[in-house]
2 protein chains.
Amino acid sequence: MQFYRFFTDDQVKRIHEASLELLENVGILVHNAQARAIYGQAGCKVDTESGIVKFPAQVVEKARQSFVPTYTFLGQDPAFDKVLPQDGPVVVTGSSAPNIIDPKTGEERRATSIDIANIAYLINELPGFDVFSISTLAEDAPAGQFSLSRFYPALKNCKKPVRSNTPNIKDLEQVLELGALIAGSEEAYLERPFINHHYCPMVSPLTMDINSTDAVIYLVEKGLPVYGTVVPNAGLTSPMSLTGTVTLGNAEFLALSTLIQSIRPGAPMIYAVLSTVADMRTGNYAPGAIETGILQMAHTEMANYYHVPSGGYIGLTNSHVNDAQSGYETGMNTTAALLAGGSLFNMGGLLGSLMAFDFGKAVTDSEIAMNLKQIQRGMEFSEENLCLDLIAKVGPGGSYMSEKHTVKNMRKTAVLPKIANRDMRGRWESEGRTDYQTRAMREADRILSKENPARFSAELDRKIRSHFPNLVAGDAKWYL
Amino acid sequence: MQFYRFFTDDQVKRIHEASLELLENVGILVHNAQARAIYGQAGCKVDTESGIVKFPAQVVEKARQSFVPTYTFLGQDPAFDKVLPQDGPVVVTGSSAPNIIDPKTGEERRATSIDIANIAYLINELPGFDVFSISTLAEDAPAGQFSLSRFYPALKNCKKPVRSNTPNIKDLEQVLELGALIAGSEEAYLERPFINHHYCPMVSPLTMDINSTDAVIYLVEKGLPVYGTVVPNAGLTSPMSLTGTVTLGNAEFLALSTLIQSIRPGAPMIYAVLSTVADMRTGNYAPGAIETGILQMAHTEMANYYHVPSGGYIGLTNSHVNDAQSGYETGMNTTAALLAGGSLFNMGGLLGSLMAFDFGKAVTDSEIAMNLKQIQRGMEFSEENLCLDLIAKVGPGGSYMSEKHTVKNMRKTAVLPKIANRDMRGRWESEGRTDYQTRAMREADRILSKENPARFSAELDRKIRSHFPNLVAGDAKWYL
């Protein structure tokens with residue numbers, strides 16, 4: 001198997017060298033004092049007045065020597081553990097939308113912790129998803145429990161790896177406490193840290209923030225799983241050039257990686273991006289555009305050069321409804337990224353450029369994910385699979401329908417989708433002329449109307465609730 | 001640029017050799033007597049009683065020596081000429097559906113020559129399409145004018161290359177007469193044959209028909225453009241194995257190619273396929289399945305091995321409406337085929353597994369095609385495009401918005417879609433909460449409400465109509 005490539009080896013090397021030149025000559029504006037200190041100790045030139053950190057090439061090259069080629073997501077249930085890249089494509093929900101499309105009214109509204117519980121349960125059950133990145137915020141969060149109100153309903157209802165971010169170290173520590181309670185002890189949690197952390201400490205162009213950087217440093221020091229995404233937006237925060245945007249994003253990836261490897265050499269990372277091109281007719285953000293896929297492909301080539309797993313927020317849509325646009329934007333960009341060698345896909349369930357979760361979109365994306373996994377499986381070449389004896393036996397003009405070989409393989413050769421319609425038109429009409437979204441919402445309803453098999457035991461739940469007074473209920477509550 | 005590959009060089013070679021073994025030992029059932037004679041003269045072993053033709057490997061290998069690496073589509077207007085693979089992806093409408101989704105009622109009905117005229121005009125105007133393969137049949141065809149009633153409205157309203165098939169040699173000769181009238185003379189037409197012919201003479205498994213084979217022989221002998229598509233359907237007409245289906249389809253491609261090259265060595269060809277896996281839960285045809293894309297990718301690797309342009313009916317959907325399924329089926333399979341090196345995409349405008357044309361779907365597929373072309377354009381690597389000076393100038397934390405470089409490149413760096421919505425939700429709501437299909441139908445309406453710039457001159461039209469009495473009107477007539 002050989003990935004698609006835009007670049008020659010020389011071009012990849014040139015983008016790497018150009019990134020080093022930017023880091024050495026232009027540098028990164030680092031707002032986080034702790035990060036500046038770490039960079040200084042690693043050999044960077046820190047201007048404390050301006051906050052600009054400049055990176056001698058050998059500092060970055062030294063950090064590169066401890067990059068590792070895999071990254072692991074652990075779940076509460078080890079059956080759901082995933083290792084990048086070999087278990088890829090690892091398909092993740094999109095995260096942290098403020099809103100949800102209400103499943104009953106179809107109107108957009110603020111999301112709550114009940115929505116998060118419902119979504120967690122759905123993602124636990126949908127076969128295409130590997131990781132639940134907490135899809136929304138929780139408007140009903142009690143004071144001081146902004147993050148607990150997201151992680152508690154998520155972890156209570158989903159045994160797959162759960163992932164998200166926190167706004168500050170206090171919230172992060174609460175979330176890790178929750179992890180330890182679930183694991184039984186802090187030691188047990190550190191053995192299997194099933195909460196997966198993600199931040200965007202790099203703010204394009206060439207800037208590093210305070211709070212997300214704090215969290216990354218904290219987690220890397222503790223040896224807990226964390227990775228960052230770089231998010232240049234061509235025309236606004238990076239050059240209006242695909243190659244220029246990749247170069248700037250690559251420099252930002254190397255800057256963040258140098259921080260991480262300086263803290264703990266060998267800390268696993270993902271080369272994760274959401275590089276986009278702004279629609280300059282309006283200035284609108286366009287993560288659903290085909291350029292997001294093209295940029296992801298190019299970054300993935302760089303990731304392969306560094307031998308770091310690759311992926312990102314790839315497969316988002318700008319559409320506000322789950323329509324043809326939503327389908328082709330998610331479908332084209334994820335397929336493109338996969339064939340360039342991407343293995344992490346933060347793609348599922350969001351409409352309107354990360355603004356709102358939709359249950360039907362999540363069901364759709366699970367089916368798209370099954371297709372991506374089938375492409376990854378690809379052609380299983382073997383002498384037996386050539387079927388020469390079978391072809392000779394059936395002969396010209398014969399039928400394969402009732403052959404033993406057909407019966408034996410008919411359920412495992414192809415994806416058998418539940419929601420995609422393949423009926424003849426007459427049957428489709430007699431069954432109500434549904435579109436895909438209607439059937440996807442029915443599937444969400446079917447799943448969420450059952451008892452949730454993934455829930456915490458009553459005993460564990462009592463322990464958690466007595467540890468954190470005022471906690472939201474955290475239970476899935478379906479009402480379609 | 002390097003294409004995605006499933007197979008190693010050895011595996012590709014083994015599929016080629018396995019195909020030769022099938023042709024030598026199992027053979028092809030050839031119903032067409034003329035084809036049997038041509039095969040016999042070329043050195044094949046013809047069993048006149050059974051109709052089975054067996055191919056010594058050296059006969060196929062000799063035919064291979066005259067394969068040519070390009071294929072040209074000519075249009076009435078030379079500005080629309082396309083050469084495969086260098087002008088790829090060449091995007092073509094899906095063809096010969098019996099039905100249309102009526103643009104006014106939304107109901108499916110039989111298609112007419114008026115519909116063909118409307119569609120021809122639309123395809124002439126939609127920027128994503130390169131070739132108009134006549135999308136439907138014409139129910140109103142006068143007796144004896146089955147094919148004229150399709151080609152006349154198509155050629156009257158579209159200056160891009162027009163492509164389709166005919167049921168018999170009499171119809172084919174009428175269509176070529178029409179071509180000569182348009183060109184001014186038979187000689188002028190032979191100089192620039194802007195009608196492009198396509199047939200499916202191979203019927204899986206390993207069978208060659210009578211009528212389509214007649215047409216292929218006729219056209220190749222005349223030096224006119226024609227190519228064939230092979231269409232194995234795993235589980236029914238080929239093994240329930242992806243590798244086995246590729247092997248059988250590849251043998252069929254080689255059999256057809258041997259016929260074509262035996263008639264006229266160096267005749268241009270396309271390695272075109274529509275290999276599918278039947279949904280064995282119901283026996284339903286599933287051209288929208290992801291396996292269609294995976295099989296296309298594998299066939300494309302074989303086409304690259306033979307140095308023949310590659311493509312096929314790729315990007316079809318099973319959906320009966322232009323919804324999320326229609327979007328992701330067309331989007332994923334075309335993207336996959338493109339990144340494996342495919343350059344011909346018979347993808348546009350059809351719903352329900354080739355059963356019905358839909359105007360909104362055609363507009364959608366034009367926008368998907370623009371995205372495919374953008375992927376093909378890819379990363380334009382140059383030292384200038386790295387933008388190192390610009391990145392240094394803007395610096396950490398700066399803005400690219402008002403840079404000269406941004407203004408200069410803002411209209412050419414990214415695709416600027418007309419139908420895909422990128423507005424914030426508030427604006428989308430205030431403008432009517434439309435879905436993609438609604439806006440796509442409006443775009444079809446906008447185009448078809450204008451005067452058609454591509455129409456025949458009145459003088460030419462009189463000449464044609466006096467040559468063919470009783471001809472359908474052939475004019476676009478829009479009524480939304």
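The following dialogue works through several features of a predicted two-chain model.

Q: Which conventions apply to the numbering and to the values?
A: Residues are numbered from 1 along each chain as its sequence is written, and chains are lettered from A in the order in which they are written. The model is predicted, so to speak of local features requires pLDDT of at least 70, side-chain atom pairs count only at pLDDT 80 or more, totals for chains, interfaces and linings use all residues, and side-chain values use heavy atoms, with hydrogens and water left out.

Q: How many residues does the largest nonpolar core have, and which have the most contacts inside it?
A: A nonpolar core is a set of buried Ala, Val, Leu, Ile, Met, Phe, Trp, Tyr and Cys residues joined through side-chain atoms within 4.5 Å. Buried denotes under 20% relative accessible area, exposed over 50%, and partly exposed the range in between (1.4 Å probe, protein chains only). Here the largest core has 288 residues, and those with the most contacts inside it are Tyr39, Phe359 and Ile464 of chain A together with B:Tyr39, B:Phe359 and B:Ile464. Contact means heavy atoms within 4.5 Å. Beyond its neighbours within four places in sequence, A:Phe359 touches residues including A:Ile100, A:Pro103, A:Leu122, A:Met441 and A:Trp478.

Q: What area is buried between chain B and chain A?
A: The size of an interface is often given as the accessible area lost when the parts come together. Buried area is that loss for two parts (1.4 Å probe), summed over both. Between chain B and chain A about 10100 Å² is buried, with carbon and sulfur atoms giving 66%. In this interface, 114 residues of chain B are in contact with 114 residues of chain A.

Q: How many salt bridges are there between the chains?
A: Side chains of opposite charge can pair when their charged atoms come close. A salt bridge is counted when a side-chain nitrogen of Lys or Arg is within 4 Å of a carboxyl oxygen of Asp or Glu. Eight are found between chain B and chain A, and the count over all chains is 54. B:Arg425 pairs with A:Glu108, their closest N and O atoms being 3.5 Å apart. Both residues belong to a salt-bridge network that also links A:Glu107, B:Glu429 and B:Arg433. Another salt bridge joins B:Arg14 and A:Glu383 at 2.4 Å, N to O. That pair crosses between chains, from helix H1 (residues 9-25) of chain B to the loop between helix H12 (359-377) and helix H13 (388-394) of chain A. Helices (H or I, at least four residues) and strands (E, at least two) are DSSP runs numbered from the N terminus. B:Arg14 counts as buried because its relative accessibility is 17%, whereas A:Glu383, at 45%, is partly exposed.

Q: Where do A:Arg64 and A:Glu61 lie?
A: Both are in helix H3 (residues 57-64) of chain A, three residues apart, about one turn of the helix.

Q: Which peptide bond into A:Pro89 is present, cis or trans?
A: Most residues other than glycine have a negative phi, and most peptide bonds are trans. The bond from A:Gly88 to A:Pro89 is cis, with omega near -5 degrees. A:Pro89 is in the loop between strand S5 (82-84) and strand S6 (90-93) of chain A.

Q: What is phi of A:Cys387, and is the residue buried or exposed?
A: Its phi is near 65 degrees, a positive value in a residue other than glycine. A:Cys387 counts as buried because its relative accessibility is 5%.
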